[in-house]
Amino acid sequence: MGRGEPAGDAGLRGRALTATVCQGADHDPFPVPGALLAGGLLTMGVLHGVAPQPFDTIVPPWLPGSARFWTYASGVAELAVGAAVAVPRTRRLGALAAAALFVAVFPANVQMAWDWRHRSWPWRAVAFGRLPLQAPMIAHALRVHREAG
């Protein structure tokens, strides 16, 4: 708040700034569901690149090539899809791609649950708990897809 400005003006400026920052090139507001989807994908994509080892361990062994290749490839896919969701013009297609990506990586979650089946119960709970969480992630991506159109 500047000198001599009424307290309410600072709040109005803040809301105007927020509205400006949260709008894309088409002046389309960046809705919270889209922001959550894009943010999650971008975060996981970065993690695949900077800390690939934990992801390598859940790559199904029946996939051809090295686990590291699949870790990096899925990370690049998450970055690309996250970027598409973040841009209003490509959000609808990006969200549909996110739903497809969540289906595509489900075998890694199954592999993790299988590999962790003999661990202590808290670790098993984490591994098996991830499996049903894939459905709400897919539903969320499809919601963003619907709302972007």
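**Ground rules.** I am working with a predicted model, where local features need pLDDT of at least 70, side-chain atom pairs count only at pLDDT 80 or more, and totals for chains, interfaces and linings use all residues. Residues are numbered from 1 along each chain as its sequence is written, and side-chain values use heavy atoms, with hydrogens and water left out.

**Fold.** I counted elements and got 7 helices and 0 strands, taking DSSP runs numbered from the N terminus (helices: H or I, at least four residues; strands: E, at least two). Along the sequence the pattern reads α-α-α-α-α-α-α. Of the 149 residues, 27% count as buried; buried is under 20% relative accessible area, exposed over 50%, and partly exposed in between (1.4 Å probe, protein chains only). I also looked at contacts, meaning heavy atoms within 4.5 Å. Among those with a separation of 6 or more, 61% join residues 24 or more positions apart.

**Annotation.** I checked UniProt, whose unreviewed entry lists residues 69-87 and 94-114 as "transmembrane region". Positions are in the numbering used here, feature names are shortened, and such annotations may be inferred rather than shown by experiment. In the model, residues 69-87 are 95% helix and 0% strand, with the end C-alpha atoms 27 Å apart. Residues 94-114 are also 95% helix and 0% strand, and there the end C-alpha atoms are 31 Å apart.

Which elements give two or more residues to the largest nonpolar core? First, the core itself: it has 12 residues, including Leu 37, Leu 41, Val 81, Phe 102 and Val 144. By nonpolar core I mean a set of buried Ala, Val, Leu, Ile, Met, Phe, Trp, Tyr and Cys residues joined through side-chain atoms within 4.5 Å. The elements are helix 2, helix 4, helix 5 and helix 7, and helix 5 gives the largest share, 5 residues. Another core, of 6 residues, lies apart from this one, with Ile 58, Ala 108, Ala 113 and Ala 127 among them. I then followed Val 81, which touches Leu 41, Gly 94, Ala 97, Ala 98 and Leu 101, not counting residues up to four places away in sequence.

The largest pocket holds about 730 Å³ of space. Of its 30 lining residues, His 48, Glu 78, Val 105, Asn 109 and Arg 130 are the closest to its centre. For the record, a pocket is an open set of points on a 1 Å grid over the protein atoms alone where a 1.4 Å probe fits, with protein on both sides within 12 Å along at least five of seven lines; lining residues have an atom within 4 Å of a point. Helix 2 (32-50), helix 4 (67-86), helix 5 (91-104), helix 6 and helix 7 (121-148) each give two or more residues to the lining.

**Helix 6.** Gln 111 lies in helix 6 (residues 106-115). Is Gln 111 buried or exposed? Gln 111 counts as buried because its relative accessibility is 12%. Leaving aside neighbours within four places in sequence, Gln 111 is in contact with Ile 58, Val 59, Pro 60 and Pro 61. Ala 108, Asn 109, Met 112 and Ala 113 are also among the buried residues of helix 6, and what covers the buried residues there includes helix 7.

**Leu 47.** I finished in helix 2, where Leu 47 lies. Leu 47 is partly exposed, with a relative accessible area of 35%. Its C-alpha atom is separated by 7.6 Å from that of Gly 75, 28 residues apart along the chain.

Terms used
Grid points are joined across faces, edges and corners, and a volume is the space filled by probe spheres set on the points.
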